[in-house]
Amino acid sequence: MKTLPDSSRRHLLKLMSGAPLLPFSSAIAGASAFLGGCGGSGGSDAPVALSSVSFSNMPAPTLANPAAMATTTVGSVMSVNFADSSKLDYTLSYQPFFITGDLVADGKGGKILAGGYYDINNQPIIDTTVAGQERQFFSDAPDGTSLLTVAGAKVDGVKGNPVFAVVQFEYTTWAQDGKTDMYGKLPSPIAVLTLDQDPATGKLSLVKYHNVDTSKVNGLWITCGASLSPWGTHLSSEEYEPDAFVASNAQLKAFSKNLFGNEATANPYHYGHLPEVTVNADGTGSIKKHYCLGRISHELVQVMPDRRTVFMGDDATNSGYFVFVADKENDLSAGSLYVAKVGAGFSIDPAAAAAPLSWIKLGSASSAEIKALVDSGIKPTDIMDVRSTDPADASFRKVISNGKTEWIKVINEKAAAFLETHRYAAYVGASMGFTKMEGTTVNVKDKVAYSALQNCQDSMVVGGKGYTAGNGISLNKALKAGAVMALNLTSGLKDDKGAAINSEWMPADTKALLIGEDIAADALGNTGNPNKVANPDNLKFSEKMRTLFIGEDSGQHVNNFLWAYNIDTKVLSRIMSIPAGGESTGLHAVDEINGWTYIMSNFQHPGDWGSIHNVVKDTLDPLIKANYKNKFGAAVGYLTGELKQFKLAK
């Protein structure tokens, strides 16, 4: 390659050094075209093809630098390699849009509290636990995030390209008195952020924060992971569905009191479903709930490229693989629900062969008909008879659900399938033996889905809590550090009745891709090998980067990490460290928006100390309190990149 003239070189340096994002299609493509035009190909302006992307492995922070353990620390370099052997290296960094509890622009000339909670009348919910310091509750647990565009979008204050992020807030950990546990006791807020994308650099700036009105869907219950649908909507979640058979549910009562002003108003069957948010061109949003995808511990769903097949995470003890196949593309309002039965050979040894999956059809329904059952006042005893002791009656079946042994007789099959899905799946013989099945994602090119198991213990282990003999999930030893599973996707599968499943994207088998490693506590307190994934949670796959991104919810790493795993080279790289005691959330890998590439990432509850933090707690607690509003705040943001070096000649 010829040396660039000084003026051209200065122009390229200016172009690239000003790029704070990860620009494949825009700045990188432009740079590669520029470089390619200076090569030995006769001055062609054709862009040089992207060859591969890799990430360097940053070291885990230690007490040698406490400040790094008390904030988001990024020390990875992203290398973008091209077909002509040229390369661009970017040093990554983290840029938050806000810390929850910040006052941000509402798009109407005023301010709104980021992550703030609202009741059924859209009035702020006030924390009164400290006299004289009453304030609106706000979340320390931002979670699922989707970055998207809307055709014809126009929002005042946007000077460049309008881009939107939908962000949901899972819960808040404590009231401001530091003593009152608030987990699951407040209705989860969800917001649309209007972002101004600089066309020249890709930088995103917050212009407007819109709190979505959830009153028409009876509020939201513990919104955890999320994904972007192929048709551009935000697919939310409601985790740990409240047990309708528990007569006095203190958590549900508190939730109902805060949402409706009355402990008895909330109906447990309105929660545990799949909410979907549509963003409008003006930066507002609307929401609906789908009642036909099963009432399970929805963690994160992945819609396959057929725009009909939905692979779901189920974050519970005695959880299972669930798939929903919609009747129509781009429409989750009706379809069929399936649950897996695991065949022989299930293992979490990555060297082992895959175990086959077969599929039990639970039923077909529309969201409207299941919601109508709920709204009509159907009671749990109208759906099934559940006993905690053996009734010595052959019409009952013994099952294990949510870690408890129960005897069940089904009264209403359809209601059981869609409103008591966990119990019904166990009743019909599904493999309900996984523990904390978290995020899901898909590698379209290879037709492989990925699923995170935060832990492999309890119901997965012979003799463990909730273990069910004969369900195909039978480990001899627990692996608390968890695993990422890979599932081959295929067509032509039939259900348990011999009927064809109308999908070309059904999981046919499951095998371990990556596993953690339990260790004796090291000098810092880690009980999971810090150089391996521990307790994987968020998963997102980038087709262009051929990279599986993995966010941790680890009780075994003193700092949780965000990892990048290249599925071709098999290289695992730590790319970000979350503040100690926090959880990596909100992961979303976006290959291209207006020519720019983004990796979205949030974190939750910094400084939420457990026993593994005994070594670091005293040192880090004051730092985290100073960084994150006395530990009541957490960040919503994204990874950025700044050019570090590149070669102008071969």
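These legends describe close-up views of a predicted model.

**View 1. Cysteines without disulfides.** The structure contains zero disulfides. C456 is in none. Its nearest cysteine sulfur belongs to C224 and lies 18 Å away.

**View 2. The largest nonpolar core.** This core holds 40 residues. M312, F322 and F324 touch the most other members. Helix α7, residues 413–419, gives the most to the core, with five residues.

**View 3. Surroundings of F324.** Leaving aside residues up to four places away in sequence, F324 touches a set that includes C292, L293, V310, M312 and L332. A second, separate core has 37 residues. V74, A564, F603 and Y628 are among them.

**View 4. A four-stranded open sheet.** The strand order is β29-β30-β31-β32, with antiparallel pairing. β29 (536–542) and β32 (572–577) stand at the edges. Each has a single partner strand, so one side of each lacks a neighbour in the sheet. From one strand to the next, the twist averages 25°.

**View 5. The β30–β31 pairing.** Strand β30 covers residues 547–552, and strand β31 covers residues 561–566. The two run antiparallel and are joined by five bridges. F549 has A564 in β31 as its bridge partner. A564 also belongs to the second core, the one of 37 residues.

How values were computed: Residues numbered from 1 in each chain as written. Predicted model: local features only at pLDDT ≥ 70, side-chain atom pairs only at ≥ 80, totals over all residues. Heavy atoms only, no water. Disulfide = S-S within 2.5 Å. Core = buried A, V, L, I, M, F, W, Y, C linked by side-chain atoms within 4.5 Å. Buried < 20%, exposed > 50% of the residue type's maximum accessible area, 1.4 Å probe, protein only. Contact = heavy atoms within 4.5 Å. Pairing = 2+ DSSP bridges. Axes fitted to C-alpha atoms, helices over the stretch in contact; angles between N-to-C directions.
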